[in-house]
Amino acid sequence: MSLKRKAVDVATEAAKKPKANGSITSFFGQPKTNPSSSSTNPSQPSSSPTAPETAPIKFDKDAWLAKLNDEQKQLLKLEIETLHESWLAVLKDEVTSPQFLELKKFLKKEVEGGKKVFPPSEDVYSWSRHTPLPSVKAVILGQDPYHNINQAHGLCFSVRPPTKAPPSLKNMYIALKKDYPDFKEPPNGGGLLTPWADRGVLLLNTCLTVRAHEANSHAKKGWERFTQKVIDTVAMKRTRGVVFLAWGKPAQDRCAKINASKHLVLKSVHPSPLSAHKGWFDCGHFKQANEWLEKRYGEEGVINWNLDVKPEDAGV
């Protein structure tokens, strides 16, 4: 199977920064479908019998908002305005849980105390907007967001230009080239992975925020419970099967309860330079994922892993 297939149309609207007072529905809209969807555009949800499906979820956002008290509305402003509605519909009970509200209080104190937090607030849930729940084909699990300036933007392993690809991502490129010799990297040595996200690859970190220059500073504050709920929701709602790429023990622990008869869980060491030499480069996960998806869904299910998309064409 060749990797080189016609590039998908990038959903730039989902990547835009939300307006401060804008409605999430009016700004981001519902997940869009392409009326001329074909095997060359696997990122768009399709009614084709070969395409992954998620049963429609009824969600009256206005009715839900009406039930929130003033404190909840204040604490959950970011979720209300920037978490894609396809995800908010299934995570609404989680975000109003006491544990999540405590997390939001902690984050509020961080900001009010003058702490710099990454990614920028408008990017914390960018994974949800690039990859609405009905479009998920594969899940790549990361750990902590990058904690330096101009790095984290809400998608695990990804950095926006002009930042160059970090070491772990460079090792991912090496493994990809072994699977697909015609794999194309981002322009100028970059590390922008929004094309993957727009094609149905959910790029999710275990923690969604971090204090600037302090790795793991927001670990064990509540994000782990929330992101586990995201993983469990994918496993439950994407009933026809998705691929989970679990690199390193923390990611593998996250996938421990996934039904292996319904989904494919690919395990390997982490692509970090600290562990990649233990078998990462020959894991073959990118090709294995596509082979499994093609058997399940036909050619429409295959992911185009190429990243030679200009930043301006990727909504950046």
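These legends walk through several close-up views of one predicted protein model.

Residues are numbered from 1 along each chain as its sequence is written. Because the model is predicted, local features need pLDDT of at least 70 and side-chain atom pairs count only at pLDDT 80 or more, while totals for chains, interfaces and linings use all residues, and side-chain values use heavy atoms, with hydrogens and water left out.

**View 1**
Of the 316 residues, 56% count as buried; buried means under 20% relative accessible area, exposed means over 50%, and partly exposed is in between (1.4 Å probe, protein chains only). The accessible surface comes to about 14,200 Å², and 52% of that belongs to carbon and sulfur atoms. Such areas come from the Shrake-Rupley method with a 1.4 Å probe, and for residues only the protein chains shown count as cover. Now look at contacts, which means heavy atoms within 4.5 Å. Among contacts between residues at least 6 apart in sequence, 74% join residues at least 24 apart.

**View 2. Four strands build an open sheet in the order 3-2-5-6.**
The pairing in this sheet is parallel; two strands pair if DSSP finds at least two bridges between them. Which strands stand at the edges? They are strand 3 (201-205) and strand 6 (264-268), and each has a single partner strand, so one side of each is left without a neighbour in the sheet. From one strand to the next, the twist averages 20 degrees. Helix 11 (residues 223-237) lies across strand 2, strand 3 and strand 5, and runs at about 155 degrees to strand 3. For such angles, axes are lines fitted to C-alpha atoms, for helices over the stretch in contact, and the angles run from 0 to 180 degrees between N-to-C directions.

**View 3. Strand 5 is largely enclosed by the rest of the structure, because five of its five residues are buried.**
Val243, Leu245 and Trp247 point one way from strand 5, while Phe244 and Ala246 point the other way. Three bridges join strand 5 (residues 243-247) to strand 2. Across this pairing, alanine 138 has valine 243 as its bridge partner, and isoleucine 140 stands opposite leucine 245. Five bridges join strand 5 to strand 6, where serine 268 stands opposite tryptophan 247.

**View 4. Aspartate 144 carries the UniProt annotation "active site", from an unreviewed entry.**
UniProt positions are given in the numbering used here, feature names are shortened, and annotations may be inferred rather than shown by experiment. You can find aspartate 144 in the loop between strand 2 (138-142) and helix 9 (167-179). Is aspartate 144 buried or exposed? Its relative accessibility is 18%, so aspartate 144 counts as buried. Leaving out residues up to four places away in sequence, aspartate 144 touches Asn205, Cys207, Thr209, Val210, Ala215 and Asn216. A polar atom of the aspartate 144 side chain lies 2.6 Å from the backbone nitrogen of asparagine 216.

**View 5. Histidine 153 is buried, at 2% relative accessibility.**
Histidine 153 lies in the loop between strand 2 and helix 9. The side chains of histidine 153 and serine 158 are joined by a polar contact of 2.7 Å. A polar contact is a pair of N or O atoms within 3.5 Å; within protein, one must be able to donate a hydrogen and the other to accept it, and residues adjacent in sequence count only if both atoms are side-chain atoms. Not counting residues up to four places away in sequence, histidine 153 touches several residues, including Pro119, Asp123 and Leu192.

**View 6. Cis peptide bonds and positive phi values give the backbone some features to look for.**
Most residues other than glycine have a negative phi, and most peptide bonds are trans. A cis peptide bond joins phenylalanine 118 and proline 119, with omega about -5 degrees. Proline 119 is in the loop between strand 1 (117-118) and helix 8 (126-130). The bond from proline 161 to proline 162 is also cis, with omega near 10 degrees. Asparagine 150 has a positive phi near 60 degrees and is exposed, with a relative accessible area of 57%. Histidine 213 has a positive phi of about 65 degrees, and at 49% relative accessibility histidine 213 counts as partly exposed.

Conventions
Helices (H or I, at least four residues) and strands (E, at least two) are DSSP runs, numbered from the N terminus.
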